[in-house]
Amino acid sequence: MTPADNTAANFAAGNAHVDVQGIVHGGVNYYRTSPDSSPREKFEAGVRYLESGATGRAWPRIDDAVLSDYRTNRACFYWLLALLSGRTRGELSDEEAARLQNSDHFLPLSGDDPWAEGARTMLRLVESINRADADLRVLMKEFDELPPRQRDLILRHLELFLEGPIKDDVWHRALERARDEQMDRDREDRVWKFFEPAPAPPLVRQPAPVTIPTLTWLQAGVGAVVAVASTAHLGYLLVQGGRVSALLAYLLSIVGGGFAARNGVDWCFRSKRLRMKDEEHSPNLRRRPDVPLEAFGRQVDRRLEYYFAKYRPSGMEPDLWLTWTAGLRRSMRNELVEAYREKPAKVEAINWLIRHRAIGVKGRWEKGTLWSHHQELATPLPTKATAVFGALACTIGGGWASSSAVQTDGLIGIRSVALLVAFGWIWGRAWLRISIEHRRHASDQLDVAELEADSEAAYGLWRKRLADKPDDGEMATWLDYDRKVLLDEALRHYRLKMSDIVAYAFIEARSGSATRARVQGGPWRYRKYEMKIFLITADGVRQCNARLHFADGTFHDRNRLNYRFEAVTAVHVRQADDNSHTFELSLMDGQKITAQMIGPELEENQESEDLEEVSEVSLDAAGLRHTLHVLEGVAAEGKAWMTRERRRGVNGLDDPGCPAA
């Protein structure tokens, strides 16, 4: 199967229904820190936030660690990176600009390791912005000689902050890297795994224990004693009367009865088992009792319907396949609900198992084995013949022997025959029930063992497939490459250089009902994004929109929009009661440009995560902070914003400001 065959993509056919999907990967403290965390732990959490693109979350953590005297060369490098990442010079506060200006006073860079060299090069790049005499060739040569790790981090995080000719040089290097590595590390074969939850171990409903009422045991015991005693007494009467031919018939009836009983039980069990299997496979839902349905059961029902509609035999219409398999789906639903009743799991965690069962049914249909129980449980002709002829021998021989016994001793013979018939019937029925119940339990155990082995094998394969699931940092890196590729497409369309852009901003929103997932404490990631680029130029705003299919890094449904600075009247983010956040940009002609940044929070939060905190980190990673800074400035000041933005940036770096911390 291809990766697409194993994902929970939003596919629906016929009456199939797909729930709103949102996967939260928990179990690891990837982003979490506590008030008691050490400076090093806070720093590492900040680094992970920076890698995820949530610079607003990264900066205070890294800064706090550095202020707490965690000042290794690596910490100093990331301090500079977090301060400048995703920001223009005008976005630095006066205090932040002063600390950057005086950073050499409190960043104790020592030695010549890659982190120290990276930090020094970063400072020289920043200083070159306001130095007309800066030798860019020497500076870029020094930059190119940095180790790949430090060079790549600077390329990713400083593109907004730099200006002038150096901005073009750094942009070309960043774009080249993005093009070269956009699909690296098996992106297309791994991205889908990020949206898969950690699979729950397979559980199988255990067979019902052997249940035989006390009355049945009593009937079997008493019936056996009386029937055996009556049979022996009839034999005694026949011997006493010297009836040799009747005695032979008597022995024949006993032997025939034994064969009839043994083969008759097998026949009866097979017939009963076959009816049960037919009822499980039958689309007539009224024949089977349901387990009590709660939310989990209803979710399993919908997932079964979805996967059965998706994985159906070639040429089979979804509605027809769902009709044919209604009974099987009902039986599977009941089995799964009962199996996970003691150890509850979220339905997303057993998607793999539901999908495996659906694919198994499809495979059995295509192989012609879906109804193979008809052959497996069919009673062999010899078994039927032996049971029938044994019963005839028992009836004929028993009748002859009973008649002879009555003739030998009338009243006593009649009494023995009556006791034998009555208690033999009671004993036979009780013994049949006991035998079938034991065979039912043994057969159920075999079915469960087979199902457990199949599920465990599928579980192992599924875990192996998910072993190289990308982490959140990789997802953010790929998304950053996509952003650069789309930005380059916009620049080439408008025939602009990066240095021609006064500022630019991105909005990355969920596309429709695309599947989403996140690491606990981290931002939402989506299978499909609605991406909007706002390019601020001397002539106005250039807006480019495209839909990103994240797995393969391709863009679709492109469209563009141009408008003057004065056309922008308002920009804000609207938060609804369901915690959904929608970006809105209003134009003078009444047109509204919207994007749903975060959809409704419908899933249960793990470990009582704060919805507002989840929203903030997601909005931060989506670039909202910088976007609002740019577009709010345009809406408030119009074309004058460009000049004031440049002036704020220059003053911010030239002003010595407050003393360094």
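In this predicted model, D144 forms a salt bridge with R173, and the closest N and O atoms of the two side chains are 2.7 Å apart.

E159 is buried, because its relative accessible area of 10% is under the 20% limit, and K484 counts as buried because its relative accessibility is 3%.

The side chains of D444 and R273 meet in a salt bridge of 2.8 Å, N to O. Here helix α18 (residues 410–465), which holds D444, is linked to helix α11, which holds R273, across 171 residues of sequence. Both D444 and R273 are buried, and they take part in a network of salt bridges that also includes K277, E437, R440 and D447.

| D444 and R273 | 2.8 Å | 171 residues |

A search of the whole structure finds 41 salt bridges. The chain has 22 helices and 10 strands, and buried residues make up 50% of its 661 residues. Of the contacts with a separation of 6 or more, 74% are between residues 24 or more positions apart. The accessible surface of the chain comes to about 31000 Å², and carbon and sulfur atoms account for 54% of that area.

On the surface, a patch of negative charge gathers E176, D180, D184, D186, E188 and D189. The elements that give two or more residues to this negative patch are α8 (165–181) and α9 (187–194). D184 lies in the loop between α8 and α9, and it is partly exposed because its relative accessible area is 34%. A nonpolar surface patch of about 380 Å² is made by V244, L248, L251 and I254; V244 is found in helix α11 (residues 244–281) and counts as exposed because its relative accessibility is 57%.

Two loop residues carry a positive phi without being glycine. For D69, in the loop between α2 (55–67) and α3 (73–84), phi is about 70°, and the residue counts as exposed because its relative accessibility is 62%. For R495, in the loop between α19 (472–494) and β2 (503–510), phi is near 55°, and the residue counts as exposed because its relative accessibility is 77%.

T325 is found in the loop between α13 (318–324) and α14 (326–339), where it counts as buried because its relative accessibility is 1%. Leaving aside residues up to four places away in sequence, T325 touches F308 and V361. R298, in helix α12 (residues 295–310), is partly exposed because its relative accessibility is 41%. R298 and R333 are 35 residues apart in sequence, and their C-alpha atoms are 8.8 Å apart in space.

How values were computed:
Residues numbered from 1 in each chain as written. Predicted model: local features only at pLDDT ≥ 70, side-chain atom pairs only at ≥ 80, totals over all residues. Heavy atoms only, no water. Patch = residues over 30% accessible without salt bridge, like charges linked within 9 Å, V, L, I, M, F, W, Y side chains within 5 Å. Areas by Shrake-Rupley, 256 points an atom, 1.4 Å probe, with all protein chains shown as cover. Salt bridge = Lys/Arg side-chain N within 4 Å of Asp/Glu carboxyl O. Helix = DSSP H or I, 4+ residues; strand = E, 2+ residues; numbered from the N terminus. Buried < 20%, exposed > 50% of the residue type's maximum accessible area, 1.4 Å probe, protein only. Lys, Arg positive; Asp, Glu negative; His and termini not counted. Charge placed at Lys NZ, Arg CZ, Asp CG, Glu CD. Contact = heavy atoms within 4.5 Å.
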